[in-house]
Amino acid sequence: MKRNIGIFCIVLSAVVLAAGCKKKDGASSGAGLSGTVVAYSTQTDTDHEVFLDIFKKYYPNVSVEFISGSLGELVARVDAEKANPQADIILGGLFQTDGDQYFHLLQPYTPKYASECAAEPNGYYTYFAYQYVCLLKNTQVLKELGVDVNGYADLLQPQLKGKIIQADPSASSSAWRQLQTMLYVMGDSFGDEKAWDFQRKLMKNCAGVITTSSSACYRNVYNGEYAVGLSYDNACISLKMNGADNVEICWPKEGNTVVVGGAGMVKDCPHPELAKAFLDILSSAEYQLAREKAAGSRGPNKTYHYDESYFPKDIDDSVVPMDVAMLAKRKTELLDKWTDMWADVNK
């Protein structure tokens, strides 16, 4: 097995993936657009490649530049550049549970295929992906430790102390999703004392290990630095689809949550017409089906159907309904509580 799987090239650097594609038969009237659209992206290289295959079919004269990082990094960058925006798109990491937290950095736009999406539009986000959470485990490291992991409760095994990696939910969108899920499934009711007690115990077993990057969680488990990482469906499924045979995906036995996520146009971006074209493609059934085939992640466009899903057939049986409005309203409060607890555990 090759250790240098391409999706690990997700670093905060510009990657120009454009050039040289000829317009294919059946392309729509995108030939009049030209230039470069810049996307600050939380997504994998696989996602980028699938997008380019379709985007260049319709917009052969437009180049796409992806600059990758965690949502926290990218949002901070957009905020710092707001007097002179450098990006056109924030791609990924924007979820229903954000409420209006990022609206001040975005320009309203309803994409071409929004009406085909199962999620209710909010006027700012272009939804293109459902996200479930998962744990990624390195089978060899777990074997050496003499333990296995089938859910959140198993993360408290003393043999795993210092061998678990999670991201900071105030910096990583997938970590915020993990926190939401654990607060739902690890207590008797959302965010009760039992659920937060589990958080404290998990923090102690992490032994100070934390990252601001979603990609670090699955990358470092794959590399054998940690036994288990708290991650999300798209990244981990992409790993398996690209041949990683030393890791397994664990769908927590306690339950799961799912939320729809997307992208947004940066306020006063340099290339609004290119940004609109970009978001239109994201909202399409054509892109979302191609993305599921290549990266395993489901899309909310309800006009396509795919029978070869990488997900367990019964995964939705374990999904706990979430109060999206409540989570959006309480996001700051919950993140502050987590941050204070982390600081107390690691003082």
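The model is predicted, and local features need pLDDT of at least 70, side-chain atom pairs count only at pLDDT 80 or more, and totals for chains, interfaces and linings use all residues. Residues are numbered from 1 along each chain as its sequence is written, and side-chain values use heavy atoms, with hydrogens and water left out. Helices (H or I, at least four residues) and strands (E, at least two) are DSSP runs numbered from the N terminus.

At the start of α10, a side-chain oxygen of Asp 323 reaches to within 3.4 Å of the backbone nitrogen of Ala 325. The buried residues of the helix (under 20% relative accessible area, with a 1.4 Å probe and protein chains only) are Met 326, Leu 327, Lys 331, Leu 334, Leu 335, Trp 338, Met 341 and Trp 342. Their cover includes α4 (173-185) and α5 (193-206).

Two helix pairs are set out below, with axes being lines fitted to C-alpha atoms, for helices over the stretch in contact, and angles running from 0 to 180 degrees between N-to-C directions.

| Helix pair | Axes come within | Crossing angle |
|---|---|---|
| α4 and α10 | 11 Å | roughly 95° |
| α7 (233-241) and α9 (285-295) | 8 Å | roughly 60° |

In the second pair, Asn 234, Ile 237, Ser 238 and Met 241 of α7 meet Arg 291, Lys 293, Ala 294 and Ala 295 of α9, giving four nonpolar, two polar and two charged residues.

Ser 170 lies in the loop between β7 (164-165) and α4, and at 44% relative accessibility Ser 170 counts as partly exposed, a class between the buried limit and exposed, which is over 50%. The side chain of Ser 170 makes a polar contact with that of Asp 168 at 2.7 Å, a polar contact being a pair of N or O atoms within 3.5 Å, one able to donate a hydrogen and the other to accept it. The C-alpha atoms of Ser 170 and Thr 339 are separated by 7.9 Å, although these residues are 169 residues apart along the chain.

Key. Contact = heavy atoms within 4.5 Å. Nonpolar A, V, L, I, M, F, W, Y, C, P; charged D, E, K, R; others polar.
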